[in-house]
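Trainee: I have a model to go through. Can we take it one question at a time?

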Amino acid sequence: MIVVKGKPLDEILSFLLPYKNVLIVGCDGCTQPPRGLREAMTYAMLVEMGAKLRGKTDLKCRATTVAKQCDNHICSTTLTPQLEGVDAILSLACGVGVQTLVEVFPEVPVYPGQNTTFIGSQEREGSMLYEKCKACGECLLGETGGICPITNCPKGILNGPCGGCVDGKCEVPFEIRDETGKVVKTVAKDCAWYLIYQRLKKLNRLDLFRKYRPPRNRAISSSPRLMEVV
Amino acid sequence: MVQAFSNLMRNILDGKFVYTGELEPHKSIDLSEVISWAKTLKETGRIVAANVTDNPKSVGSISSLVASYIIQRETGLEIIYQLRCSDRNRLALVSDLLGAAALGIRNVLALTGDHPRQGDMPTAMPVYDLDGTQLVDLIHRMVYEGKDINGNEIHGPRPQFNIGAAANPNFKPLEVEVLKIERKAEVGAEFFQTQVVFDVNVALEFLDAVKHVNAAFLIGIFPPRSYGQAEYFAKYVPGVQVPAEFLDNLKKISEISDRKERRKRIDEYNIEYFSEFIRAVKKKPSCRGIHIMAVGYPEVVGPLIESVEGS
C-alpha cells in the first residue's frame, strides 16, 4: 500500500480559496489510510466549512472517486463527464494520482490533498504503518532472509550492522511526525542487519551474512525512471 | 601483502607494540587547542600516530582532512585520517583521498559514520553511497591497483595509505562482529582500532575471537578525566560496559575536595587501572597496540605508557 497523510486544512485552503467549484477526487486503489468516496465527502465538508469560516461563502465542493487514480484511461473515462463547471480539482490520491490528473486534464488546476509518505504495510494490532520497500529496482530480499536493509536500515548499508547497533536496536529510532514535520513520538527500532543475522543464522545461511557486498549501482534507482510496458 | 606506507604500519610490521592517540577538532577554524594536545602526544615519544576525527557524532566540524594536514605539518605527529561515509558520495570520497595522499597523509580509518540524525544538523541528508566496508574496498583498490571503485585509472603515482577500520569488542553476540571484521579484512583492512573498552575481560575475549584474522588489532581505551566522564559512558553510551569497581573508585576520588589532590589521584588511578589493563591485553598475540582516546586529557598518555613500558 502507498501510505499517505492528509495535508493540514490550512494548506489545502491556501490552494482552494480562489475557486468556486472544486471537485474532490478520491482513489480506491492502494492508498492507506483509505481515500475513497467517503473520505472525499468528508474533505468536501471540511473545505466548505473552512472556507466559510474564512469569509469565503461561495466555494462549493463535490466529491467523487476513481478506481485507480494512477491510470490515465480510468481517470479520463470516469472524470470527464463530471468536470463541467469545475474550476479546480483536489486529489486525495498519492503523488502519482495527482500527476496523472494533471496530465489527463491539463486545463484544470489540480492540487494535492495528501502528503505521500512511503510504500508500506499495516500492522493491525499496533495500528502502525511501516515503510517496507523503497522501490530500489534491485531487490536483495532473496539474500537477506526476506528483510530489506535498503528500507529498514536508516543508512541503507549492504555490509551491516554498523557501529550504531546495540543489543539489536538501531541508533536511529522511528520518528512519528505531525503534519508540520515535527517529531511527536519516537519508537525504538530493531536493527535491520541484526534481524538479517538472526534470520540467516536460523536458515543456516550465515555465509550470506558474511558475504561482502560491493557498492550499489545508484543509476538503477536514480529518478526519474522510465520503463517500457512489456 | 601489506606494505608499510606509514610509521604506524612500519612499527606494526616490525613487531612493535604501538600506541595511537585521538584528536577531536571542533566546529571552529581555530586549531590551536588540538595542536597543543597533538604536541603533548608527540612529546611523549610513545605515540606513533593519532586519529583526527571526522564530524564525530555527526556534529559538523572542521574538515578532518584539513585538520589532519595542519596538525601533521605543525607538530610532526603522524595522523590517522578518519573518513566517514555519512557525508560524502563515492566521488567526494575519491577526491578527498587523492587530496589526502597528495598532502602526505599515510593512514586512513574508514568509517561508516554515525547517522546525521544523531548530530547537530539532524535535518541533513544521510549519504551512505558506500558503507565502511566498501570504503575499505575503495581505498584498497586505489592503493594496490591504482584504480577507483568503478575501475577508472588514477593517473601517475598511486596513493599510499595504510588502511584502518573500526571494530567493536562490546558487540553482542561477538559472532556478528567477527563476521564483519572478516569481511573488512577480506577487502583490505590492515589494522583495526576498536571502540572504547573498559572491562579487560571483554577485550581478552575479543582478542581470542579475532586471532585468526590477518590484521593488527589496537584496543581502544578511554581514561576518563573525571568521574562524570566515566559515568557518562556507563549511563549514556549504549553497549559499553564500565566495571562497577572502576566507577566506585573514581567516585570516591571525585569526592576529594582539594582540586589539585583530586586531579593527582584521578591521574594515578587511571594509570594504575589502565596499565594493568594494557599489560593483560598485551599478552594476546592478536593485540598489536592500544588506541588511547584521551580526548582533552593528553597529559595522562605519556605517564600511562611509561608505567607499562618503563621510562
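Trainee: How far apart do the C-alpha centres of domain 1 and domain 2 of chain A lie?

Mentor: This is a predicted model, where local features need pLDDT of at least 70, side-chain atom pairs count only at pLDDT 80 or more, and totals for chains, interfaces and linings use all residues. Residues are numbered from 1 along each chain as its sequence is written, while chains are lettered from A and ligands numbered from 1 in the order in which they are written. Domain 1 of chain A covers 2-117 and domain 2 covers 140-215, with bounds from an automatic or database domain assignment. The distance between their C-alpha centres is 37 Å.

Trainee: What share of the residues of chain A count as buried?

Mentor: A residue is buried if 20 or more other C-beta atoms lie within 10 Å of its own, exposed if 12 or fewer, and partly exposed in between, with C-beta atoms placed from the backbone. Chain A has 230 residues, and the buried share is 31%.

Trainee: Where on helix α7 of chain B do the buried residues fall?

Mentor: Helices here are DSSP runs of H or I, at least four residues, and strands are runs of E, at least two, numbered from the N terminus. In α7(B), residues 200-209, the buried ones are V202(B), A203(B), F206(B) and L207(B). Seen down the axis of α7(B), they fall within an arc of 130°, taken from the directions from the helix axis to the C-beta atoms. They therefore line one face of the helix.

Trainee: Which exposed residues does the face of α7(B) turned away from its buried side carry?

Mentor: The buried side is covered by elements including α6 (174-186) and α10 (259-282) of chain B. The face turned away carries N201(B), E205(B) and D208(B).

Definitions and conventions. Contact = placed C-beta atoms within 7 Å.
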